[in-house]
Amino acid sequence: MTELLTVALVAGEASGDILGAGLMQALKARHPNVKFIGVGGPLMAAQGLTSYFPMERLAVMGLVEVLGRLPELLSRRKRLIRTLIDEKPDVFIGIDAPDFNLGVELKLRQAGIKTVHYVSPSVWAWRQKRVLKIREACDLMLTLFPFEARFYEEHQVPVRFVGHPLADTIALESDRAAARLALNLPADAPVVALMPGSRGGEVAKLGSLFLDSAERLQAMRPGIQFVLPCASPERRAQLEQMLSGRNLPLTLLDGRSHEALAACDAVLIASGTATLEALLYKRPMVVAYKVAPMTYRILKRLVTSAYISLPNLLAQRLLVPEMIQDAATPDALAESLSPLIDGGEIQTEGFDEIHRALRRDASRQAADAVLQLVGSN
């Protein structure tokens, strides 16, 4: 019988639960006798993880919220480290959640346990000195993007670029006509998706701006239709309030962001993970972002990368327009987006190239890298 392999994993939010479940499935396919311990959500539980405590206790957004929960988070981390040192797993895999997981990895590695960090923090963009802590904490970094792997190689951190699971699951070509039918959108009108973000703060900053831009586009292109996927009932209520008194041909959706991307001709989008999804659906986009003026001044001094949006970071060139802070005006956004509705081929050709480069069967690659590290491959 194959020797038992004990794998500890910690995921802190839903996206980590998806990655963790895919990795666990791939590990089981390669090693028939695996035991999983740690912290995860329902998808990881379905793959055989018994979670030490609910994953939701780690999912904290925002500085003030983190400060309020700090005693609990520190106490949980301390107990988790103690438990894992007693359990002596063959490997510990921290999935994203770097503020929590890197501290765990450091202590476990010092105790002689192999450590992996899956999903790089944005260390290449700002607070680059964190790479020193990462080098001390992890035996291996698994990155979703190639430019991240290059950064770690330059800083002597063992790294493997595994590709992005979304690039594996989203088809190279999507069916626009079927998506429009499913969303009850006209087959032949130009359709623009508006994606002002999933958090309340983002929608507060960008919602009205995107709706103003849509009104400008409507004046420029009569007959245009808009679709806006809402991340939650709270976001829907927030946007319905912003729509009050406007006469826009706009369909609000509950979720269904992937269908909205498949259905549209172009996207006006907040900088963030959704830009990767728009890229994988090959939809031309204009990226916008606004933060509080003080935050912007601080970030401007801290951020060292030339671009903020994932499509440009992946292309290593200005492939999509980025309208940041004061540059993000309704006129500027509408004028940048209008020509892309029926002429975004330069963007979409670049997107196709990136999609193929990211499509590497990420979960299998990650599992192979983990087994190689523990000498079971």
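Predicted model: local features only at pLDDT ≥ 70, side-chain atom pairs only at ≥ 80, totals over all residues.
1. Basis. Local features require pLDDT of at least 70 and side-chain atom pairs pLDDT 80 or more, while totals for chains, interfaces and linings use all residues. Residue numbers run from 1 along each chain as its sequence is written, and side-chain values rest on heavy atoms, with hydrogens and water left out.

2. Strand β1. Helices (H or I, at least four residues) and strands (E, at least two) are DSSP runs, numbered from the N terminus. Strand β1 covers residues 5-11, and seven of its seven residues are buried; buried stands for under 20% relative accessible area, exposed for over 50% and partly exposed for what lies in between, with a 1.4 Å probe and protein chains only. Leu5, Val7, Leu9 and Ala11 point one way from the strand, whereas Thr6, Ala8 and Val10 point the other way, and all are buried.

3. Partners of β1. Two strands count as paired if DSSP finds at least two bridges between them. Six bridges link β1 to strand β2 (residues 34-39) in the parallel sense, with Val10 opposite Val39 of β2. Between these two strands the chain passes through helix α1 (residues 14-30), and the β-α-β crossover is right-handed; this term applies if, with the strands pointing away from the viewer, the path from the first strand over the helix to the second runs clockwise. β1 also runs parallel to β4, joined by five bridges, and here Ala8 faces Phe92.

4. Strand β11. In strand β11 (residues 266-270), five of five residues are buried. Both of its faces are covered, with Ala266, Leu268 and Ala270 on one side and Val267 and Ile269 on the other. Strand β8 (residues 191-195) runs parallel to β11 and is joined to it by four bridges; Ala193 has Val267 as its bridge partner. Four bridges also connect β11 with strand β12 (residues 285-289), again in the parallel sense, and Ala270 stands opposite Ala288 of β12. The chain reaches β12 from β11 by way of helix α12 (residues 274-280), in a right-handed β-α-β crossover.

5. Helix α5. Which residues of α5 are buried? They are Arg130, Val131, Ile134 and Ala137. Seen down the helix axis, these residues fall within an arc of 125°, so they line one face of α5; the arc is taken from the directions from the helix axis to the C-beta atoms. An α-helix has 3.6 residues a turn, so residues three or four places apart point the same way. The cover over the buried residues of α5 includes α4 (98-110), β5, β6 (140-143) and α6 (146-154).

6. Arg130. This residue of α5 counts as buried at 18% relative accessibility. Not counting residues up to four places away in sequence, Arg130 touches Pro121, Ser122 and Val123, where contact means heavy atoms within 4.5 Å. The C-alpha atom of Arg130 is 27 Å from that of Lys88, a residue 42 places away along the chain.

7. Positive phi. Lys88 is not a glycine, yet its phi is positive, at about 50°. Lys88 sits in the loop between α3 (63-87) and β4 (91-95) and is exposed, with a relative accessible area of 59%. Val119 also has a positive phi, near 95°, and belongs to the loop between β5 (114-118) and α5 (130-137). Is Val119 buried or exposed? At 12% relative accessibility, Val119 is buried.

8. Ser213. Helix α9 (residues 200-220) holds Ser213, which is buried at a relative accessible area of 1%. A polar atom of the Ser213 side chain lies 2.8 Å from the backbone oxygen of Leu209. Beyond neighbours within four places in sequence, Ser213 is in contact with Leu268, Thr329, Pro330, Leu333 and Ala334; Leu268 is one of the buried residues of β11.

9. Cysteines. A disulfide is a pair of cysteine sulfur atoms within 2.5 Å, and by this rule the count is zero. Cys230 is buried at 2% relative accessibility, and Cys264 is buried at 0%.

Note on methods. Polar contact = N/O pair within 3.5 Å; in protein donor to acceptor, adjacent residues only side chain to side chain.
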